Amino acid sequence: MLNSIKADILRVLKKKSYMIMTSLVLVIYAVSLIISLSKSPESSGLITSLLSKAAMLMIGIPVFTAVFSDDFNSKAMQTIIGYGTSRRRLVISRYFEYLVILAQAFLAITLLCVALFGVKGQMAQIPEVLKDLWTQYLVTALSVNAAMIFVYGVQNATLGLVVFIGFIADVFGILFTGLNFIPFFMKHNIDLSVILPENIINEAINNGKPIYYLYAAIYIVIPLILSIKLFERKELEF
């Protein structure tokens, strides 16, 4: 399995669309940080926070498309399964591929931030900047996990991408906030937003609530199991 994961990671890293988008994100980071550190070092934390959220979209979406959508668009999935790869193995390997490729991009951003803050003599801000950046990585990791239910359960990568964007663009956060005003939820003090990946990660890391690490683990395991079970029961569309 490791060889197949490695081969597919190399395939994604060679895609021109992915390389262009990653390079664009690094350029945006560099220009924005240079400007903010030169004019107002105090605002660099806010700038990096906004850029970290932007990275979820600008990097997360191209990686999602390359890892999940290509299997459906090129019909490569049928070939992989035809050669004896189990559906369970395929789902798990694709998830880990996504995490590795996304981590490589975030690592590049990390090195860029360390270099620029170091040159400007603002190393004291680095821990907070990197904490915010990798918090967004974890949010993206949980969001893609939930989206995989639709990718493999419905065999529709486009629908999965829509769900993924809904998570990382906080569309569901806005929706759930509105639902909280429904009388039934207000009466019973039910806040649906607590189940969102961003809130789970924030509660675990920023608010120091260890129980949310368990919730994050459950958030990973259950969608993976559902994705595998639904995928195993569904006929492949040729």
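**Helices, rings and buried residues**

The charged end of arginine 87 sits over the ring of phenylalanine 231, with 5.0 Å between that charged end and the ring centre. This comes from a predicted model.

In soluble globular proteins, nonpolar side chains tend to be buried together. Setting aside neighbours within four places in sequence, tyrosine 98 is in contact with Gly60, Val63, Phe64, Val67, Phe68, Thr140, Val144 and Phe164.

Next come the ring pairs. A pair of aromatic rings is described by the distance of the centres and the angle of the planes. The structure holds 13 aromatic pairs. In one of them, phenylalanine 68 and tyrosine 152 have ring centres 6.2 Å apart and planes at 75°; planes over 60 degrees apart count as edge-to-face, so that is the label this pair gets. Phenylalanine 68 belongs to helix α4 (residues 60-73) and tyrosine 152 to helix α7, so to speak two distant parts of the chain, 84 residues apart, linked by the pair. Phenylalanine 68 has a relative accessible area of 0%, so it is buried. Tyrosine 152 also counts as buried, because its relative accessibility is 0%.

Phenylalanine 106 and tyrosine 137 form an edge-to-face pair too, 5.6 Å from centre to centre and with 65° between the planes. Here the partners come from helix α6 (residues 87-119), which holds phenylalanine 106, and helix α7, which holds tyrosine 137, so the pair ties together parts 31 residues apart in sequence. Both phenylalanine 106 and tyrosine 137 are buried.

Glutamine 136 lies in helix α7 (residues 126-153), and leaving out neighbours within four places in sequence, glutamine 136 is in contact with Ser52, Lys53, Met56 and Phe106. Is glutamine 136 buried or exposed? Its relative accessibility is 3%, and buried means under 20%, so glutamine 136 counts as buried.

The buried residues of α1 are Ile5, Asp8, Ile9 and Val12. Looking down the axis of α1, these buried residues fall within an arc of 105°, so they line one face of the helix. The face turned away from that buried side carries the exposed residues Asn3 and Lys6.

Helix α2 (residues 16-39) passes the check as well: its 24 residues should span 34 Å at 1.5 Å a residue, and its end C-alpha atoms are 34 Å apart. Buried in α2 are Tyr18, Thr22, Val25, Tyr29, Ala30, Leu33, Ser36 and Leu37. Take alanine 30 from that list: its relative accessible area is 17%, under the 20% limit, so it is buried. Which residues is alanine 30 in contact with, leaving aside its neighbours within four places in sequence? The partners are Leu112 and Leu116. Alanine 30 and leucine 112 are 82 residues apart in sequence, yet their C-alpha atoms are 7.2 Å apart in space.

Along the chain, aspartate 70 and alanine 157 are 87 residues apart, while 8.8 Å separates their C-alpha atoms.

Finally, a look at two loops. Glutamine 155 sits in the loop between α7 and α8 (157-168), and its phi is near 55°, a positive value in a residue other than glycine. With a relative accessibility of 7%, glutamine 155 counts as buried. Aspartate 170, in the loop between α8 and α9 (171-179), isn't a glycine but has a positive phi of about 65°. Aspartate 170 counts as partly exposed, because its relative accessibility is 33% and that lies between the 20% and 50% limits.

Definitions and conventions
Residues numbered from 1 in each chain as written. Predicted model: local features only at pLDDT ≥ 70, side-chain atom pairs only at ≥ 80, totals over all residues. Heavy atoms only, no water. Helix = DSSP H or I, 4+ residues; strand = E, 2+ residues; numbered from the N terminus. Expected span 1.5 Å × (residues − 1). Buried < 20%, exposed > 50% of the residue type's maximum accessible area, 1.4 Å probe, protein only. Arc of directions from axis to C-beta. Contact = heavy atoms within 4.5 Å. Phe/Tyr/Trp six-rings, centres within 6.5 Å; stacked < 30°, edge-to-face > 60°. Lys NZ or Arg CZ within 6 Å of the ring centre and 35° of its normal.
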